Amino acid sequence: MATWLLLTLAAAAADFQDQDKQGHPTRAVLLGGSGEAHWNAGASVGSPWTTVTVQRGLRGGWTPLAEVQAASFARWQPAVGVGKRWIDRRWRLTGEGTVGWTLQGDPIPFRGPAAELRVKGGRAVGRFAPYLHLGMRSSRTEDRVETVSGDILREEARWETTLTGALGTGFLLTDRVGIDIGLDLPWVHMPNPSIPGMHIGVQTGWGRNQ
Amino acid sequence: MHTHGVSMVRTILPFAFLIACGPPPKGVDYRGTRLAVVDMHLHPGDWQQVPESTQGYLASRFPFPFGLRPEQVAEGVLTGEAILDQLDDAAVSAAILFAVYAPRTVGVATNELVLRERRADTSRLWGLASLPVDRWDESSEAALAALSEALDNPGMVGIKLAHAHMHFRMDDPAYFSIYDMAVAHDAPVYLHTGTSPFPGTRTEPEYTDPAYLEAAIATHPRVQFILGHMGYDFIDQRPGDADTAIDLAVRYDNVWLEPSALGSRGSDPTGTNLPLVLKKAKTAGVEARLIYGSDGPQSPGFAADYLERTLTALEAADYSVEEAQLILADNASSLFGIPTFKAEK
Ligand SMILES: [Zn+2]
């Protein structure tokens with residue numbers, strides 16, 4: 001029984017190290033960079049972050065993407081961008097850049113354009129895909145200083161720079177579906193502390209054998 | 001970056017602790033001795049009573065992501081029960097809760113609310129009463145009568161005033177009837193001194209500089225005046241009028257100094273100002289006239305964090321164990337006539 005289990009696991013591990021499994025949706029979303037002509041989508045729910053991502057692989061490891069991130073459903077960060085796989089062997093390293101918006105309501109209103117740069121790295125370990133994301137995000141808003149009667153005294157630009165990060169592992173369930181669990185470590189309004197978050201996610205893909 | 005990492009860990013720790021086990025034994029270690037702690041400055045409240053601009057200010061100081069939905073956090077830290085949790089977490093034995101009547105700035109926490117929240121544990125919580133001072137010409141009589149009635153309750157052990165938040169001058173004799181009331185009830189008076197970070201507060205010296213309190217102090221020798229924040233300048237984050245506050249304590253026996261909030265992560269980012277003012281007080285010889293308060297709960301973990309920062313600053317300013325015990329607990333017990341607390345092993 002134990003031998004059978006070990007053999008099955010070993011076979012599965014070998015199978016998921018296979019080159020053409022590198023394009024698995026879980027690896028594409030968590031380690032970055034979809035296989036050429038693959039569509040991938042990922043969604044995660046957690047506290048405080050909930051995210052949705054869609055991306056498509058092009059030639060040469062280029063991967064356009066669209067995403068929405070929400071914190072406590074009170075801070076919204078929609079964005080479009082592109083990723084590029086730099087290294088893709090046992091280890092994968094991908095760079096991503098996005099432009100979008102940061103939208104936050106009362107009592108700390110923030111509305112303005114945002115840009116983010118990040119790297120995603122990790123490797124395949126059998127069916128697992130441990131990953132680390134590190135990034136930096138900058139958003140700009142206009143602060144309004146109002147008098148008691150509501151007249152606008154002045155508007156001044158304010159920049160918010162945020163370090164972003166996530167650490168976790170994916171798990172490949174089937175050829176087209178995987179899941180992940182991870183910690184989110186965004187540093188939202190430095191130097192105020194930020195409490196780390198947690199999420200669980202699911203990834204899927206299609207069009208991989210075109 | 002290193003300090004950021006540390007602050008993050010410190011912010012998480014209280015939560016981890018709450019999940020992991022029960023409250024630690026009351027008391028703190030100071031230079032190898034266990035000392036009891038009384039926090040004389042905590043705010044119970046009602047988030048809905050806080051003006052919008054101040055809600056924004058407070059929310060911006062909560063750790064992310066709590067500032068996004070601050071009403072949930074506020075309800076979780078502002079009740080008597082929640083304050084007891086914060087005290088347990090900080091190993092603090094007892095605390096004094098402040099009533100506040102500053103509808104245009106920091107909001108309102110009525111005397112009734114303080115007495116109600118105090119019921120969470122009347123052996124650990126007491127209150128300072130306050131009064132509205134708006135339209136003083138017409139309403140002073142009724143306001144003073146209500147204050148007197150509040151002070152008749154044994155749970156109310158003093159009076160809280162904040163000229164900058166309540167918009168009345170420190171040297172205006174029209175309001176000295178409040179100190180007469182303090183004499184009648186043998187009630188110490190806590191006064192906010194220094195500028196205030198809250199939107200809508202008065203920033204002129206007549207409302208913030210403790211020098212303007214001298215007339216009241218000199219003419220009311222039987223009233224114990226507690227100079228809150230020691231004249232700290234919360235706008236420019238520097239000691240501000242601390243020297244004036246210390247000088248008043250040197251010259252008047254009825255003046256006490258309370259270094260709350262000025263050493264917090266947000267108000268003293270470099271961590272140098274709290275040790276500096278404590279050193280100044282010790283050099284001036286008024287180290288036994290200090291009294292500990294945090295100005296929490298602010299956000300979860302603040303009461304514990306502020307206590308830790310204060311202990312670090314006391315040690316940096318070379319306070320003895322005996323001095324620390326007076327500051328951390330015994331001065332509050334004698335000043336407010338509440339029981340003396342002992343540290344648990
Ligand atoms: Zn206060």
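Mentor: Start with accessibility: a residue is buried under 20% relative accessible area, exposed over 50% and partly exposed in between, with a 1.4 Å probe and protein chains only. This is a predicted model, in which local features need pLDDT of at least 70 and side-chain atom pairs count only at pLDDT 80 or more, while totals for chains, interfaces and linings use all residues. Residues are numbered from 1 along each chain as its sequence is written, chains are lettered from A and ligands numbered from 1 in the order in which they are written, and side-chain values use heavy atoms, with hydrogens and water left out.

Trainee: How many salt bridges does a search of the whole structure find?
Mentor: Side chains of opposite charge can pair when their charged atoms come close. The rule for a salt bridge is a side-chain nitrogen of Lys or Arg within 4 Å of a carboxyl oxygen of Asp or Glu. Over all chains, the search gives 26.

Trainee: Which parts does the pair Glu67(A) and Arg118(A) tie together?
Mentor: These two side chains form a salt bridge at 2.7 Å, N to O. Glu67(A) is in strand 3 (residues 62–71) and Arg118(A) in strand 6 (residues 110–123) of chain A, so the pair links parts 51 residues apart in sequence. Helices (H or I, at least four residues) and strands (E, at least two) are DSSP runs, numbered from the N terminus. Glu67(A) is buried at 7% relative accessibility, and Arg118(A) is buried at 9%.

Trainee: Are Arg135(B) and Glu138(B) buried or exposed?
Mentor: Arg135(B) is exposed, with a relative accessible area of 60%, and Glu138(B) is exposed at 60%. Their side chains meet in a salt bridge of 3.6 Å, N to O. In chain A, salt bridges that share partners join Glu67(A), Glu96(A), Glu116(A), Arg118(A), Lys120(A) and Arg137(A) into one network.

Trainee: What area is buried between chain A and chain B?
Mentor: The size of an interface is often given as the accessible area lost when the parts come together. Here buried area is the accessible area (1.4 Å probe) that two parts lose on being put together, summed over both. For chain A and chain B it is about 1900 Å², with carbon and sulfur atoms giving 74%. Across this interface the rule finds 0 salt bridges.

Trainee: How many residues does each chain bring to the contact?
Mentor: With contact meaning heavy atoms within 4.5 Å, chain A gives 22 residues and chain B gives 23 residues.
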